[in-house]
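Subject: Structure for you to look at

Hello,

Here is the structure I said I would pass on. Please open it first and then read the notes below it.

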Amino acid sequence: MILNVETLTAEQFAKTIDHSLLQPQLTSADVKAGCELAVRYNVASVCVKPSDVGYAVEWLAEYDTDVMVTTVVGFPHGSSTFIAKLQEAGGVLKEGAVELDMVINYARLRSGNLEYVGDEIKMICLRAHQHHPPAKVKVIFENAYLTDEQKIIACKLSDQAGADWVKTSTGFAPTGATVADIRLMRANVSDRVQVKAAHGVRTLATALEMIEAGVTRIGATATATMCDDFVKWRAGELKIERAEPAGGY
């Protein structure tokens, strides 16, 4: 799937966004307000903490909306046990989550235990894909701690395991998404697998650069600002400085 910035509509841009509600201090009122914002801008999904999935499903059901509920598994460090991640995935799927953003055990990846990492991704994907209704999986690498070689390995393992997306970051590491990483990830997964950018995408200019590099989904907290700015930009009321288009993948 490739998005063309030059023809992208405001509605399509909004549907690239997973509105992130993952800060540990957020209250139930904060999460409800975040769901209302997500509905107002008609984004792809709200990405909530596992304990908030049931609430988000309930709140969104009050609206005529196709905004989905995404949640995280093994978040934020990926160091939960294999069994704990499977149980967490099963629990949130029953609560109504339809997309799972799973953090790989990147310490095991850095240690060279590739079989463990691949098996973990595969089992989470199977649990999600075999659920009724089926759910999708985004595999979070936490690129801040990986070499380019390790990122490529993570791409290959995710692709082989059946992941639906590969994702850069959790938002809890020193750095997040970069255009270079997006291009690297896009180049090392098959056309079936999409790419998500997260951590640091706070402006429309950055979002558009990520899309040009191959992103189809963006994790964001600055959702309202970016969506409002997109409308102004399309209307010629806002000028933004952008890098040259990435040129495909």
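Arg108 lies over the face of Tyr116, with 4.2 Å to the ring centre. A charge counts as over a ring if NZ of Lys or CZ of Arg is within 6 Å of the ring centre and within 35 degrees of the ring normal. Lys138 is placed over the face of Trp165 in this sense, at 5.3 Å from the ring centre.

The model is a predicted one, where local features need pLDDT of at least 70 and side-chain atom pairs count only at pLDDT 80 or more, while totals for chains, interfaces and linings use all residues. Residues are numbered from 1 along each chain as its sequence is written, and side-chain values use heavy atoms, with hydrogens and water left out.

Next, the aromatic pairs. There are 6 of them in the structure; rings of Phe, Tyr and Trp (its six-membered ring) pair if their centres lie within 6.5 Å, and planes under 30 degrees apart count as stacked, over 60 as edge-to-face and the rest as tilted. Tyr55 and Trp59 are stacked because their ring centres are 5.7 Å apart and their planes are at 20°. Both belong to helix H3 (residues 53-60), and being 4 residues apart they are separated by about one helical turn. Helices (H or I, at least four residues) and strands (E, at least two) are DSSP runs, numbered from the N terminus. Trp59 is buried, at 12% relative accessible area, whereas Tyr55 is partly exposed, at 41%. Buried means under 20% relative accessible area, exposed over 50% and partly exposed in between (1.4 Å probe, protein chains only).

Phe230 and Trp233 make an edge-to-face pair, 5.5 Å centre to centre with 70° between the planes. They lie 3 residues apart in helix H10 (residues 223-234), about one turn of the helix, and both are buried. Together with Phe13, Phe230 and Trp233 form one aromatic cluster.

Last, the chain as a whole. What does it contain in the way of helices and strands? It has 10 helices and 8 strands. Buried residues make up 52% of its 249 residues. The C-alpha trace spans about 50 × 40 × 30 Å along its principal axes. The radius of gyration (taken over C-alpha atoms) is compared with a globule rule of 2.2 Å times the number of residues to the power 0.38. For 249 residues a compact globule would have a value near 18 Å, and the chain, with 17 Å, agrees.

Regards
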